[in-house]
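Colleague: I have a new model open and would like to learn how to read it. Can we go through it feature by feature?

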Amino acid sequence: MSVDCGILCSKIILEHFGGVVKTVAHDLFKVSSKTLSNIVATTKLQRSQVIECLRILVRYGLVTYKVSLQNPKIPEYSLSYEKVLLFPRYVRYMLLVKTLYGDEAELLIEELLRSGSEKASSIIVRATTRLKEIKKGCKEIPQLIIKQEDLFMSPSLSLKELTQMEEGHPEVPANDVTLRVNFDRFHQEFRDNIMISAIKRRIDDNAGELMRVILQQMYIRTEAWEPISNPIPVVEIRNAVHKVKTNPRLAQHLDQYLKVLDEDSSNFITKVADSGGGQYVVNIREAFIQLSWAAVENIVEERFGSKAARVFRLIKSKHFIEQEQIQQYALIPAKEAKLITYRLLEECFIQIQELRKSMSSAGPNKTFFLFHIDIDQVVKKCLEICYKALTNSMVRRQHERDEHKRLIEKQQRIESLTANLREQGAPADQIDELEELLTPLENEALERVRIMIARLGEAELRVDDNMFLLQLYLMYSNCK
Amino acid sequence: MSAADKGASTSQDSSSSDFEHRIIALGQSHPNGISDKDMAKEIPELPAAQRAVIINKLLAQGYIDLFNQGGVLIYKIRSAKANVIKGGDNEERIVFSIIEEAGNKGIWMRDIRTKSNLSANQLNKVLKILENKKMIKAVKSVAASKKKVYMLFHLDPDSSITGGAWYCNEDFEAEFVDILHQQCLKYLKQKWESAKEKEPDPIAAKNFSYASAQDVWKYIDDLGISKVKLSEHDVETILNTLVYDARAERNVTIDETVLFRYVEPLLSVVGLTQFPCGICPVLFRCSISGMVRPATCTYLTSWLQEYIDSA
């Protein structure tokens, strides 16, 4: 993997787990797999420390182990760096669960994400205690929401056993199960949302709704990550749309919307047969190829300008094109066209192919220089930019926090003191006195830091969104 | 010379000029050329030797041209305008004929040199003379501005040299192209929006939002913003650039008309570009510790400052 990716992984692990774990993880990143003694030797840490680190990493699913090739009695550990890169996405997972299933579910997922993998009972108990703290008046244990798709196996626990656990009884219920978050399911939701919002923009809202219905029907017959779905008959789609009932216009013009979706140049859906009133297939692989082209073109436009985006799309549509033709078709002055083309070439967004007329090097030879785009290369390059951007954001966040460390600590101390005093029912002027320890200037500085950190966090989420799209493209282009 | 001989030669002269006229008339009536045999048939009273003399004289004066068609010698009458250079010498004539051959596209000086085998100085002189006589002109090529091509005076240069409608005096008219671009986009977008409002069902809306190249051309023509007469092909080039800007899409129907339609892009904004690092020009020189690093990056500082100011 690339250096930038390695730096990013190290930074993430440093932020979440600390320096020692980071050393071990960084060590594992550089190789495909290593035995325990090797790790101890290279990191120069104590054996017990390394074991503890590995234990933590395994619990969070970041390190896997298998039998070593040299010695069948020893396991070798390898780092799954893709799992490390999922950390910035946790906020979005929680948001998704909240919108789909509610607050309680969000708390459950949060607890699970925080502890990596944990027994179901302890997760539920911890979540309920937190919920109780939030909603002080609530006496009953909230409904147990088992989301079967999100977790591997639903535990069959009884409420009675759970209440006992909560009240401090040390017995562990009999049918307890260790849970871990099923990231693939979350990614499936994200993927669907991307496709639906793209259709909404392209055609209109009703078409977006139709896309959502079609995707739901798709899961009945097809595995979630297939590049192309099995055929879906129109009859089923029609029934599903009528069941939803919120969109009368869609129901009325269903056939027409299907036709428009079919004929649209984005190729998300194609009609394959006429039996059963028509059979439609969802081309997920094709859809993501289109979407990642759109993303890459957008990146080119923002980085180099709109004229450069025109040249880029021109080269894409003609596949192989000469310099003179670029300025002819794109209607850009010759000098500017050359400048743009060479800039794109410099940053490896386009490539050059030489066609020699004769192999001899004597005399003036007419060699054709053709420009073309290798989309896999470009997507990988954009991913690298994403890694770098994410690393920079994290570094900057850390830097801001360190700069104002003293101030932040002071504020935290004052906050905890005032909270204590409030609980003890101390008089108001004592609390005010404490709060005045923070001067208005310091308050302003703290406010600034708070805004900066929030903004950087938000930017990280957006960059991560982009990363997700590009990673999906690479996954689909690899699985033919 | 005796009087009789003189008389004979004068009579010969007058009759030879008579024959000249007859041969010229014959040549004019046969624009594809006459051979020696044809002349002998038409003017039988002209003896062969005299005919040869007359023909040589006419050749030297430039009234007729000598060609070799399949082993037979053919004489063609020179067209009227070429008679102007009958005063000039052979070199001029050769150069002129080479330039004439090149037609619309014109010919580069070096190519004239290789074809005529003249030296550079001689060629320069000849070209100057011809230019002064206003028989040829030099046209600057749009592709390579230093290159001059020569062509006949009255011909219009081909569009590959001047660049077509977008070039005015060898300068690419960027603003003109831009204005047309904007207008075409506006037209297509208006059509799309009105289609969405008026038509309730999606297929009709889609069909209504299509516009053919001809419709757009008529619209641009009616607007009257262009001083140069634009062809439909030119408007189609502009519409193609709209397609390359991903603002429009192109469709070819069964009867080969080309239709264009305004489209929204599939993705609105891409997350990476909303962060300064995505568009940073020195991104690849940036590292965690170094001259360019995120902790002290001025782009990040000013970007964060914007949010602090607006909050």
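Colleague: Which ring does A:K381 lie over?

Modeller: First, this is a predicted model. To call a charge over a ring, NZ of Lys or CZ of Arg must be within 6 Å of the ring centre and within 35 degrees of the ring normal. Here A:K381 lies over the face of B:F284, at 4.2 Å from the ring centre.

Colleague: And what lies over the face of B:Y307?

Modeller: That is A:R455, with 3.9 Å to the ring centre.

Colleague: Let me stay with rings. How many aromatic pairs does a search of the whole structure find?

Modeller: Over all chains, the search finds 19. Ring planes over 60 degrees apart count as edge-to-face. Take A:Y65 and A:Y77: their planes are at 65 degrees, so this pair is edge-to-face, with ring centres 6.2 Å apart.

Colleague: Where do the two residues of that pair sit in the chain?

Modeller: A:Y65 is in strand β2 (residues 63-67) of chain A, and A:Y77 is in strand β3 (residues 75-79) of chain A. They are 12 residues apart, and the pair links distant parts of the chain.

Colleague: Is A:Y65 buried or exposed?

Modeller: Buried means under 20% relative accessible area, and exposed means over 50%. A:Y65 has 53%, so A:Y65 is exposed. A:Y77 has 14%, so that residue is buried.

Colleague: What kind of pair do B:W303 and B:Y307 make?

Modeller: Their planes are at 75 degrees, so they too are edge-to-face. The ring centres are 5.7 Å apart. Both residues lie in helix α12 (residues 298-310) of chain B. They are four residues apart, so about one helical turn separates them. B:W303 is buried, at 9% relative accessible area. B:Y307 is partly exposed, at 30%. Recall that B:Y307 is also the ring under A:R455.

Colleague: Which residues form one aromatic cluster?

Modeller: The cluster is in chain A, and its members include A:F17, A:Y60, A:F87, A:Y90 and A:Y93.

Colleague: Now helices. At what angle do helix α8 and helix α11 of chain B pack?

Modeller: Angles of 65 to 115 degrees count as roughly perpendicular. Helix α8 (residues 174-198) and helix α11 (residues 232-244) of chain B pack at about 75 degrees, with axes 10 Å apart. That angle is why α8(B) is called roughly perpendicular to α11(B). The residues in contact include B:V177, B:L180 and B:L188 of α8(B), and B:I238 and B:L242 of α11(B).

Colleague: What is A:R313 in contact with, leaving aside neighbours within four places in sequence?

Modeller: A:R313 contacts A:E297 and A:E301, as well as B:Y244, B:D245 and B:A246. A:R313 lies in helix α16 (residues 306-318) of chain A. With a relative accessible area of 10%, A:R313 is buried.

Colleague: What does the UniProt record say about residues 8-65 of chain A?

Modeller: The unreviewed entry annotates them as "domain: RNA polymerase III subunit RPC82-related helix-turn-helix". In the model, this stretch is 72% helix and 9% strand. Its end C-alpha atoms are 23 Å apart.

How values were computed: Residues numbered from 1 in each chain as written. Chains lettered and ligands numbered in written order. Predicted model: local features only at pLDDT ≥ 70, side-chain atom pairs only at ≥ 80, totals over all residues. Heavy atoms only, no water. UniProt positions renumbered as here; feature names shortened; annotations may be inferred. Phe/Tyr/Trp six-rings, centres within 6.5 Å; stacked < 30°, edge-to-face > 60°. Buried < 20%, exposed > 50% of the residue type's maximum accessible area, 1.4 Å probe, protein only. Axes fitted to C-alpha atoms, helices over the stretch in contact; angles between N-to-C directions. Parallel < 35°, antiparallel > 145°, perpendicular 65-115°, else oblique. Contact = heavy atoms within 4.5 Å.
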